[in-house]
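Trainee: I would like to learn how to read disulfides and helix packing in a model. Could you take me through one?

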Amino acid sequence: MRTRIAVGSLALSAAALVGIVANEGYSDKAIVPVPGDVPTVGFGSTTRDDGSPVQMSDRTTPPQALGKALRDVQAYEGKLKRCVTVPLYQHEYDSFVDLAYNVGPAAFCGSTLVTKLNSGDYPGACAEILRWRYFKGRDCALPENKRLCGGLWVRRQQENRRCTGEGQ
């Protein structure tokens with residue numbers, strides 16, 4: 001029998017960290033991943049070590065990039081632990097950290113997902129992940145937007161399946 005654990009006692013699993021960096025992809029130089037987005041470097045980091053925004057001239061190495069990703073994940077975990085007040089299964093926690101890494105902790109913590117989660121509606125919270133499928137007003141689940149942002153929809157489906165425990 002599985003038991004949910006107090007969110008303050010959880011840490012992102014190694015498998016989930018690997019999934020995040022695989023989804024983000026690696027670039028040794030700063031890029032704008034999709035038109036209209038902010039510059040990222042490494043595995044999707046948007047800030048430098050000093051907290052300032054990534055600039056297009058920034059470069060990194062794989063070990064530095066993994067360090068930045070881990071730093072970012074830990075910061076997002078801290079924020080998630082302040083806004084989520086209910087216990088979670090590890091797979092739920094991993095899904096929510098992955099989502100927060102992608103959308104930002106402020107957007108995550110201010111979401112309907114967190115409201116549902118904190119009210120004990122675990123299935124409803126997991127279902128909310130699928131609502132985060134828009135980029136620049138475009139629905140990434142629609143076939144005509146696949147080239148622009150189809151990877152986002154694939155990621156949301158993966159996060160949702162993990163959250164619900166599918167395949168656990």
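**Disulfides and a helix pair**

Mentor: Start with one cysteine: Cys 83 is buried, as its relative accessible area is 16%. Keep in mind that the model is predicted.

Trainee: Which residue does Cys 83 join in a disulfide?

Mentor: In general, a disulfide is a covalent bond between the sulfur atoms of two cysteines. Here Cys 83 is joined to Cys 109, with S to S 2.3 Å. Cys 83 lies in helix H2 and Cys 109 in helix H4, so the link ties together parts 26 residues apart in sequence. Cys 109 is partly exposed, at 24% relative accessible area. The link of Cys 83 and Cys 109 is left-handed, with -65° about the S-S bond.

Trainee: How many disulfides does the count come to, and what pattern do they follow?

Mentor: The count is 3 disulfides, and the pattern is 1-2, 3-6, 4-5, with bonded cysteines counted along the chain. Cys 126 is joined to Cys 163, S to S 2.0 Å. This pair links helix H6 to helix H7, 37 residues apart, and both cysteines are buried. Cys 140 is joined to Cys 149, S to S 2.1 Å. Its torsion about the S-S bond is about -110°, so that disulfide is left-handed.

Trainee: At what angle do H3 and H7 pack?

Mentor: Helix H3 and helix H7 pack at about 155°, with axes 7 Å apart. Angles over 145 degrees count as roughly antiparallel, so H3 is roughly antiparallel to H7. The contact includes Phe 96 and Leu 99 of H3 and Leu 152 and Cys 163 of H7. By class, this contact has 6 nonpolar, 4 polar and 7 charged residues.

Technical notes. Residues numbered from 1 in each chain as written. Predicted model: local features only at pLDDT ≥ 70, side-chain atom pairs only at ≥ 80, totals over all residues. Heavy atoms only, no water. Axes fitted to C-alpha atoms, helices over the stretch in contact; angles between N-to-C directions. Helix = DSSP H or I, 4+ residues; strand = E, 2+ residues; numbered from the N terminus. Parallel < 35°, antiparallel > 145°, perpendicular 65-115°, else oblique. Contact = heavy atoms within 4.5 Å. Nonpolar A, V, L, I, M, F, W, Y, C, P; charged D, E, K, R; others polar. Disulfide = S-S within 2.5 Å. Buried < 20%, exposed > 50% of the residue type's maximum accessible area, 1.4 Å probe, protein only.
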